[in-house]
Amino acid sequence: MNSIVNVYSSSLESTRKELDNKGSSGLSVLVETEEALHSLAGKLARRIQTGDCLLLKGEMGVGKSSFARGYIRQALLDPVLQVTSPTFLLDNVYCRDTDELPVEIHHMDLWRLSDAESRNFVDFGYVFTQCVSLIEWPDRLGELLTPDDRLDVNLYLTDKPDLDKILESGELPEQSRRVDLDPHGIEWTERINQIKSEILQMPTQSGLKVIS
């Protein structure tokens, strides 16, 4: 564990300064396994609200689709739901059909789109107000489309991933990640503070550890 902490020591200090400058109650978590990654995503899904937008950021192979899988399975209360990457379809839509909060969940991958194409891709005005969205490669949205109220989910691997092996096997390696949750908006800030308090009370065996 000490070696993992040392790997992140300099980058975490930079992350803390960024969060302080933004004035938001961000959360940085050490996530030790993919199961723990799903657990973290599930904590967000249990606090789901119409209009939620999660922007999933990180290099290829870092676990963006896996994070979305954990979120969607919890939101739909189906732990074995087949949640595939939207790389080719661009937008996979799931229907949360519950009495508590029936809502469409859009899982998008904008990697292959330019900024101009993104603007005509879907009705973002509808998606960002009446649905829930998880968007990979959200930089394609540009400043014009990026909503003010959102959660930025930044994922980092502790070690450089072997992309050839990931593409060949279709599976992510079992390794630690750092996940930074950066809330934009009062409601997101309140939910992230709740999750931070919840993780701090969890046993070390959970695979989740608050860094800052």
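This is a predicted model: local features need pLDDT of at least 70, side-chain atom pairs count only at pLDDT 80 or more; totals for chains, interfaces and linings use all residues.
Colleague: How many disulfides does the structure hold?

Modeller: A disulfide needs two cysteine sulfur atoms within 2.5 Å of each other. Cys-95 is in no disulfide, since the nearest cysteine sulfur, that of Cys-131, is 9.1 Å away. For the structure as a whole, the number of disulfides is zero.

Colleague: Is Cys-95 buried or exposed?

Modeller: The cut-offs that matter here are under 20% relative accessible area for buried and over 50% for exposed. Cys-53, at 1% relative accessibility, therefore falls in the buried class. Cys-95 has 56% relative accessibility, so the class for this cysteine is exposed.

Colleague: Which residue meets Arg-191 in a salt bridge, and how many residues apart in sequence are the parts that the pair ties together?

Modeller: The side chain of Arg-191 meets that of Asp-52, with 2.8 Å from N to O. Arg-191 belongs to helix H8 (residues 186–200), whereas Asp-52 sits in the loop between helix H2 (34–45) and strand S2 (53–57), so the pair ties together parts of the chain at a sequence separation of 139 residues. Arg-191 is buried at 5% relative accessibility, and Asp-52 is buried too, at 3%. The partner asked for is thus Asp-52, and the separation is 139 residues.

Colleague: In the salt bridge between Lys-57 and Asp-152, which residue is partly exposed?

Modeller: These two side chains meet at 3.5 Å, N to O, and they link distant parts of the chain, with Lys-57 in strand S2 and Asp-152 in strand S6 (residues 150–157), 95 residues apart. Asp-152 has a relative accessibility of 4% and counts as buried. With a relative accessible area of 30%, the partly exposed residue is Lys-57.

Colleague: What is the N to O distance in the salt bridge between Arg-178 and Asp-180, and how many salt bridges are counted?

Modeller: Arg-178 is buried, with 3% relative accessible area, and Asp-180 is buried as well, with 7%. Their side chains meet in a salt bridge with an N to O distance of 3.0 Å. Elsewhere, Lys-43, Arg-47 and Glu-198 are linked in a network of salt bridges. The distance asked for is 3.0 Å, and the count of salt bridges is seven.

Colleague: Which residues form the negative surface patch, and where is Asp-149 placed?

Modeller: Asp-149, one of the residues in this patch, counts as exposed at 52% relative accessibility. The patch is formed by Asp-148, Asp-149, Glu-187 and Glu-190. As for its place, Asp-149 is in the loop between helix H6 (142–145) and S6.

Colleague: What is the C-alpha to C-alpha distance between Val-83 and Ser-65?

Modeller: Val-83 lies in the loop between helix H3 (64–75) and strand S3 (91–96), where the residue is buried with a relative accessible area of 3%. Along the sequence, Val-83 and Ser-65 are 18 residues apart, while in space their C-alpha to C-alpha distance is 8.5 Å.

Colleague: Leu-77 has a positive phi, as does Trp-137; is Leu-77 buried or exposed, and is Trp-137 buried or exposed?

Modeller: Neither residue is a glycine, yet phi is about 55° for Leu-77 and about 55° for Trp-137. Leu-77 is in the loop between H3 and S3, while Trp-137 is in the loop between strand S5 (132–136) and H6. At 62% relative accessibility Leu-77 is exposed, whereas Trp-137, at 17%, is buried.

Terms used: Residues are numbered from 1 along each chain as its sequence is written. Side-chain values use heavy atoms; hydrogens and water are left out. Buried means under 20% relative accessible area, exposed over 50%, partly exposed in between (1.4 Å probe, protein chains only). A salt bridge is a side-chain nitrogen of Lys or Arg within 4 Å of a carboxyl oxygen of Asp or Glu. Helices (H or I, at least four residues) and strands (E, at least two) are DSSP runs, numbered from the N terminus. Patches are made of residues with over 30% relative accessible area and no salt bridge: like charges are joined within 9 Å, nonpolar side chains (Val, Leu, Ile, Met, Phe, Trp, Tyr) within 5 Å. Accessible areas come from the Shrake-Rupley method with a 1.4 Å probe; for residues, only the protein chains shown count as cover. Lys and Arg count as positive and Asp and Glu as negative; His and the chain ends are not counted. The place of a charge is taken as NZ of Lys, CZ of Arg, CG of Asp or CD of Glu.
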